[in-house]
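Dear colleague,

Please find the structure below, handed over for your records. My notes on it follow.

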Amino acid sequence: MADSNLFYISLVLLPLILLFLLFLITRPRPIQIPIKKRHIFITGGSSGIGLALAHRAASEGARVSILSRSIDKLEEAKNAIRQSTGIDVAIFAADVRDFEAVQRAVDEAGPIDFLVVNQGVFVAQELEEQKLEEVRFIIDVNLMGSFNMIKAALPGMKRSRKDRGPGSIALMSSQAGQVGIYGYTAYSASKFGLRGLAEALQQEVIGDNIHVSLVFPPDTETPGLTEENKRKPQLTSIIAASSGAMKADEVAKKALDGIKSGSFTIPCNSEGILLAIATAGLSPQRSYLMAFVEVVAAGILRIAALCFQWNWYGSIEKWHMQKNRKHQMPP
Ligand SMILES: NC(=O)C1=CN([C@@H]2O[C@H](COP(=O)(O)OP(=O)(O)OC[C@H]3O[C@@H](n4cnc5c(N)ncnc54)[C@H](OP(=O)(O)O)[C@@H]3O)[C@@H](O)[C@H]2O)C=CC1
Ligand SMILES: CCCCCCCCCCCCCCCC(=O)[C@@H](N)CO
């Protein structure tokens, strides 16, 4: 009798002790970063997720700047935001691959509170088919372009922190930046790269009251995705369908809410939450409740991950078999 009481007490007590321990040790500490009347600078803000973010930030009362290459698309975005919110955003035409151009834009835009590094290009193709030039292009825009943006904006962001309160640097990764996917060798490499950048950067800028976020969207309905879908390996589509597609505005809402609460990892849909827990690794975690979930679910999610791999390798095998059968067919 006494034994079974002890069993039930520890069943409740042990998780509570773990919860309390995690409450004590999770770092960095929780934070809220207000957005009203503060300056948000969004790269790739003329289309898709970036444009949806600009809309949202403007309607929440932020001062918004957007940067991308095409001035026509920027003007169009500016008009669309003015029509729906009555607010004027500042536009900057620059290629993130050009550091001097990026620096000029940042200087002209004034002190930044929220930097959202969202520009990105994606062409899904097997590495054997993909030209090295295209690999380089993807890495240059997605990864080196992000370095250029952060290098240009960081000194000003640091300087203005004392009078302006906490700041944020958010990077737009992808679920293909949490797990490698067929057809995304270059793209996944560029997005995995952002994670290393973000984890290291957070340690470097925490002392300046700057908080780093990484957003991991699934397939999202944007002009970029429409373009990508025109030539996408079948297996890429099959595997990526493991995670449900979203609308740009839904991703923008998740992203902005996560950024305002200083979350390091920002998943966007329910598969994304599973992925975030399964790939938590050594990423910082501000929420002791999420840390608790990560600890308790680690084993079972590893099993889930292995099931996904089992399913994906099954699809790959089936695809090869069908291809071979076609080849063997008599003319
Ligand atoms: N849509 C999706 O399925 C998903 C997208 N993502 C990521 O979200 C981000 C946004 O994607 P999405 O909205 O779909 O993309 P879009 O193609 O719709 O928009 C991309 C934006 O980036 C700008 N851009 C592209 N290259 C450069 C460059 N060299 N310098 C400056 N700006 C540039 C584009 O403008 P311009 O061409 O005029 O320069 C445009 O404003 C990307 O980082 C992408 O990898 C992540 C997961 C899923
Ligand atoms: C353990 C639990 C696992 C949970 C489910 C895993 C599902 C993974 C699906 C990955 C989809 C990747 C889409 C990339 C979208 C993108 O970035 C492109 N559209 C280019 O823009």
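Is N209 buried, exposed or partly exposed? N209 counts as partly exposed because it has 17 C-beta neighbours inside 10 Å; a residue is buried with 20 or more other C-beta atoms within 10 Å of its own, exposed with 12 or fewer, and partly exposed in between, the C-beta atoms being placed from the backbone.

This is a predicted model, in which local features need pLDDT of at least 70 and side-chain atom pairs count only at pLDDT 80 or more, while totals for chains, interfaces and linings use all residues. Residues are numbered from 1 along each chain as its sequence is written, and chains are lettered from A and ligands numbered from 1 in the order in which they are written.

Backbone in the loops

N209 lies in the loop between α7 (185-205) and β6 (210-216); helices (H or I, at least four residues) and strands (E, at least two) are DSSP runs, numbered from the N terminus. Its phi is near 65°, a positive value in a residue other than glycine. K37, in the loop between α1 and β1, also has a phi near 65°. With 10 C-beta neighbours inside 10 Å, K37 counts as exposed. The loop between α1 (2-25) and β1 (39-43) also holds P28, and the peptide bond from R27 to P28 is cis, with omega near -5°. Most residues other than glycine have a negative phi, and most peptide bonds are trans.

The contact of α2 with α10

The axes of helix α2 (residues 48-59) and helix α10 (residues 248-260) come within 8 Å and cross at roughly 60°. Axes are lines fitted to C-alpha atoms, for helices over the stretch in contact, and angles run from 0 to 180 degrees between N-to-C directions. The two helices are therefore oblique to each other (under 35 degrees is roughly parallel, over 145 roughly antiparallel, 65 to 115 roughly perpendicular and the rest oblique). From α2, the residues G48, I49, A52, L53, R56 and A57 meet A248, D249, V251, A252, K253, A255 and L256 of α10, a contact being two C-beta atoms, placed from the backbone, within 7 Å. These residues divide into nine nonpolar, one polar and three charged (Ala, Val, Leu, Ile, Met, Phe, Trp, Tyr, Cys and Pro count as nonpolar, Asp, Glu, Lys and Arg as charged, and the others, Gly among them, as polar).

L74 in helix α3

L74 lies in helix α3 (residues 71-85) and counts as buried, with 21 C-beta neighbours inside 10 Å. Leaving aside residues up to four places away in sequence, L74 touches S46, I66, S68, I91 and A93.

Yours sincerely
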